[in-house]
Amino acid sequence: MSAEEQQANTSLLERIQRPEVSKETAKKISLVEEQFARAEVEQLRQSTLLLRPLFEKRSQVIAEPDVRDTFWTRVMLNAPAEIEEFITMIDATILASTLKNLTVERFEIDEKGQGEPRSFRLTFEFRTGDENPYFENEKLVKTFYWRKQVITTPKGHKRTWDGLVSEPVRINWKKGQDPTKGLLDAACDLAEAEKKGGDRKKLPEFTKVIEKKDEIEAAENQEIDDDEDELPEDGPGGMSFFSFFGYRGSDVTAEQSATATKEDNERFEKLLKGEPVEGEDEDDDDEDDIEDEFDDIEIFPGGDELAIAIAEDLWPNALKYYVTDQAIEEVDFDDSELDFSGDEEDENDRPRKKTKV
């Protein structure tokens, strides 16, 4: 191959890997992408209304005596990888013995199909009393609101954030049974303290959350160092699935979101008409980003991804996961003797996580 041919091939490869697109074309691509995204939201809005009676019919079917006691337990234990990765072996044991029911409700969609379809509510129902040696709650209700925020950077540029926000949900653990090791309680305490006013970072509850996170991260790192040849048994970052109930995402209010949504819709309408939009020609500047202090207090960073996986995969496809063949290895111990203190224990005394076949 000649030097000219090599140069031509190299140039083609570079153009494929790093395409040179004019600003005008980039704007058109961005606009079409946004149109697709908005169409997907509308599709979700319409499908929510269409599927409601089917979910009600499914609820009646799985309420049959030969199904109801094991349906959601089996579904959770057959969960897809996007959910399974957040469930530790201890979590699996708790869920397998206590979970009775799960519902997902897109509560902001009215009977006419109007409203925000990306907001939803997860309701977990559990056995109580002697049938649940872990916690007192009969229900854990985790509500997620889809919110939007337009932020002005120090240099005057505008940045738009949107995503799920939620309030921490406290779990009333029985003595010695908290797999979150106090982290969920710390997150709930901070959220309650914030409602009383004051600078978040000056609250003692803020410091407690940071300390708890550091403590759990250090313990996870130590466990990995001690068992270099073993895969970590905990979820990402050493988190328990039940820490998910402490997810917050942001503290954008409904009023702030409504204002930002109105502003964003006006911007979109201008783009459709080909009119100039303030800040449209601004280049991205990483140094102009605003630091998000929620990174410090978020105890379950993947909470939005897990919530969406439950709402958009596990919930609509529950029948499929129920009939999936699943082998659960024998748990060679008494689950009432589970120790959540974080102390070291013999490998043979630990429950083995489920294995799909």
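The model here is a predicted one. Its secondary structure comes to 12 helices and four strands, and 38% of the 357 residues count as buried.

- Although Lys 181 is not a glycine, it has a positive phi of about 60 degrees.
- Lys 181 is partly exposed, with a relative accessible area of 31%.
- The loop between E4 and H7 also holds Glu 167, which is partly exposed at a relative accessible area of 43%.

- The side chain of Glu 167 meets that of Lys 195 in a salt bridge, at 3.6 Å from N to O.
- Lys 195 lies in the loop between H7 and helix H8 (204-226), so this pair ties together parts that are 28 residues apart in sequence.
- Lys 195 counts as exposed, at 64% relative accessibility.
- Glu 194 forms a salt bridge with Arg 200, where the closest N and O atoms are 2.9 Å apart, and both of these residues are buried.
- Glu 194 also meets Arg 248 in a salt bridge (2.9 Å, N to O).
- Glu 194 lies in helix H7 and Arg 248 in the loop between H8 and helix H9 (254-272), so the pair ties together parts that are 54 residues apart in sequence.
- Arg 248 is buried, as is Glu 194.

**Salt bridges elsewhere**
- The structure holds 18 salt bridges.
- A network of salt bridges links Glu 34, Arg 38, Lys 148, Asp 162, Asp 264 and Arg 267.

- In soluble globular proteins, nonpolar side chains tend to be buried together.
- Here the largest nonpolar core has 60 residues, and those with the most contacts inside it include Trp 72, Phe 124, Phe 241 and Leu 314.
- Helix H7 (residues 183-194) gives the most to this core, with seven residues.
- Leaving aside residues up to four places away in sequence, Phe 241 touches Met 76, Phe 86, Ile 87, Asp 91, Leu 95, Phe 124, Phe 300 and Leu 306.
- Among contacts between residues at least 6 apart in sequence, 72% join residues at least 24 apart.

**The surface**
- The accessible surface of the protein comes to about 21,400 Å², and 47% of that belongs to carbon and sulfur atoms.
- Leu 50, Leu 51 and Leu 54 form a nonpolar patch on the surface, with about 280 Å² of accessible area together.

Key: Residues numbered from 1 in each chain as written. Predicted model: local features only at pLDDT ≥ 70, side-chain atom pairs only at ≥ 80, totals over all residues. Heavy atoms only, no water. Core = buried A, V, L, I, M, F, W, Y, C linked by side-chain atoms within 4.5 Å. Buried < 20%, exposed > 50% of the residue type's maximum accessible area, 1.4 Å probe, protein only. Helix = DSSP H or I, 4+ residues; strand = E, 2+ residues; numbered from the N terminus. Contact = heavy atoms within 4.5 Å. Patch = residues over 30% accessible without salt bridge, like charges linked within 9 Å, V, L, I, M, F, W, Y side chains within 5 Å. Areas by Shrake-Rupley, 256 points an atom, 1.4 Å probe, with all protein chains shown as cover. Salt bridge = Lys/Arg side-chain N within 4 Å of Asp/Glu carboxyl O.
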